[in-house]
Amino acid sequence: MTRALVFLVAAVVGLVAWSVPMAGRVWGGIQGNYQFVSTGILPSTAIAGPPEISFFTGRSTIALKSGDQLLGADTGSIDLVSPFGGGASLITFDGGTGSMSNATGQIRLRGEFSASEGTTAGDYLGTLCSQ
């Protein structure tokens with residue numbers, strides 16, 4: 001089964017004060033509309049990393065086809081500068097609404113970011129428990 005996550009980046013406002021709401025679609029084992037809101041970013045140079053990589057944290061919400069929402073803490077790294085544009089993320093689910101109110105689990109995402117197009121696309125793998 002193919003699992004994919006596609007984002008549309010709405011805005012990038014500097015690397016230190018990053019405010020990047022992202023929205024898109026999730027399909028595969030989890031299907032619905034996706035939204036990410038950043039709560040913080042740290043350039044990797046702060047810990048002797050390469051200048052094009054930044055670490056982020058935020059909140060993800062997936063509005064499932066059923067109407068229920070799936071919520072999670074999202075952490076990862078992304079290359080916002082170079083032409084390589086790689087990114088990786090870990091979403092740790094911590095509840096939701098309706099049948100997802102007790103949701104737990106994690107999905108790991110990997111993908112590519114295009115600064116020129118303002119999009120990212122990738123795939124995910126992981127476990128979601130709704131009980």
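Two salt bridges are counted in this predicted model, a salt bridge being a side-chain nitrogen of Lys or Arg within 4 Å of a carboxyl oxygen of Asp or Glu. Because the model is predicted, local features need pLDDT of at least 70 and side-chain atom pairs count only at pLDDT 80 or more, whereas totals for chains, interfaces and linings use all residues. Residues are numbered from 1 along each chain as its sequence is written, and side-chain values use heavy atoms, with hydrogens and water left out.

Since Arg-59 belongs to strand S4 (residues 53-64) and Asp-94 to strand S6 (residues 86-96), the pair ties together parts that are 35 residues apart in sequence; strands (E, at least two residues) are DSSP runs, numbered from the N terminus. Arg-59 is partly exposed at 35% relative accessibility, and Asp-94 is partly exposed at 44%, where buried means under 20% relative accessible area, exposed over 50% and partly exposed in between (1.4 Å probe, protein chains only).

Arg-110 forms a salt bridge with Asp-123, with 2.9 Å between the closest N and O atoms. Here Arg-110 lies in strand S7 (residues 104-114) and Asp-123 in strand S8 (residues 119-129), so that parts 13 residues apart in sequence are tied together by the pair. Arg-110 is exposed, its relative accessible area being 57%, while Asp-123, at 27%, is partly exposed.

The mean pLDDT of the protein is 80, and 82% of its residues reach 70 or more, pLDDT being the predictor's confidence in each residue, from 0 to 100.

How values were computed
Helices (H or I, at least four residues) and strands (E, at least two) are DSSP runs, numbered from the N terminus.
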